[in-house]
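Colleague: I am new to this structure and would like to know what the words used for it rest on. Please take me through them.

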Amino acid sequence: MVGEDKLSFEFMTFIVLWTFVLLGLIAIGGYFMFRKFLKSLPKDDGKSDLDWQQHYIDQSIHLWKDAEKQFLEELVAPVPELFRDVARQKIAGKIGQIALEKNEQAITQETLIQGYIMATPKRDHKFLRKKLKEKEIDVTPYERFFQFSPEDYQNKKYAARTR
């Protein structure tokens, strides 16, 4: 009987711990699904953030040259593979938007860097500065764009109005 009680207690402990692990994983997954859901909700103009992102990609796809595509791939390389496609699409959408607003004939390195800065959170800017230094590209002309990071939620609405 003593052996059965010990086994029963260990099994119950395992079940309780496993329950907490599963609840934690479900909460994490739900968080990311909810974020995606919020991005897919239509705004005042009838299009969601994801719709606009895809619109800018579709409208600017012909402006991309191989060198800029390769540079974008280098910039998104540190993003975990699971999230890389989402990051690439978000950044490419912002770059396309900027290129279309500037009426460019092709995506330039300057537009690519500007779009990358404006589409990525501040924590990624350290990597960008390092990469630009490796490629011997001066960061000075882009300093003003670093304040418009979308992950800086305190000034997100202000940044969107001032772009």
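Modeller: One definition comes before the rest: contact means heavy atoms within 4.5 Å. By that rule Ile113 touches Phe71, Leu128, Leu132, Ile137 and Tyr142, not counting residues up to four places away in sequence. This is a predicted model, in which local features need pLDDT of at least 70, side-chain atom pairs count only at pLDDT 80 or more, and totals for chains, interfaces and linings use all residues. Residues are numbered from 1 along each chain as its sequence is written, and side-chain values use heavy atoms, with hydrogens and water left out.

Colleague: How many helices and strands does the protein have?

Modeller: There are 7 helices and 0 strands. Both are DSSP runs numbered from the N terminus, helices being H or I with at least four residues and strands E with at least two.

Colleague: Why are H4 and H5 called oblique to each other?

Modeller: Helix H4 (residues 81-101) and helix H5 (residues 109-119) pack at an angle of about 125°, their axes being 8 Å apart. Axes are lines fitted to C-alpha atoms, for helices over the stretch in contact, and angles run from 0 to 180 degrees between N-to-C directions. Under 35 degrees counts as roughly parallel, over 145 as roughly antiparallel, 65 to 115 as roughly perpendicular, and the rest as oblique. H4 and H5 are therefore oblique.

Colleague: Which residues of H4 make the contact with H5?

Modeller: On the H4 side they are Lys90, Ile91, Lys94, Ile95, Ile98 and Ala99. H5 contributes residues including Thr111, Leu112 and Tyr116.

Colleague: What makes Thr111 buried or exposed?

Modeller: Buried means under 20% relative accessible area, exposed over 50%, and partly exposed in between, with a 1.4 Å probe and protein chains only. Thr111 has a relative accessible area of 0%, so it is buried. Thr111 lies in helix H5 and touches Ile95, Ile98, Ala99, Lys102 and Glu104, not counting residues up to four places away in sequence.

Colleague: Why is H5 described as largely enclosed by the rest of the structure?

Modeller: Because 9 of the 11 residues of H5 are buried. Those buried residues pack against helix H3 (66-76), H4 and helix H6 (125-134).

Colleague: What makes a set of residues a nonpolar core?

Modeller: The set must be buried Ala, Val, Leu, Ile, Met, Phe, Trp, Tyr and Cys residues joined through side-chain atoms within 4.5 Å. The largest one here has 27 residues, and those with the most contacts inside it are Leu72, Leu112, Ile113 and Leu128. H5 gives the most to this core, with 6 residues.
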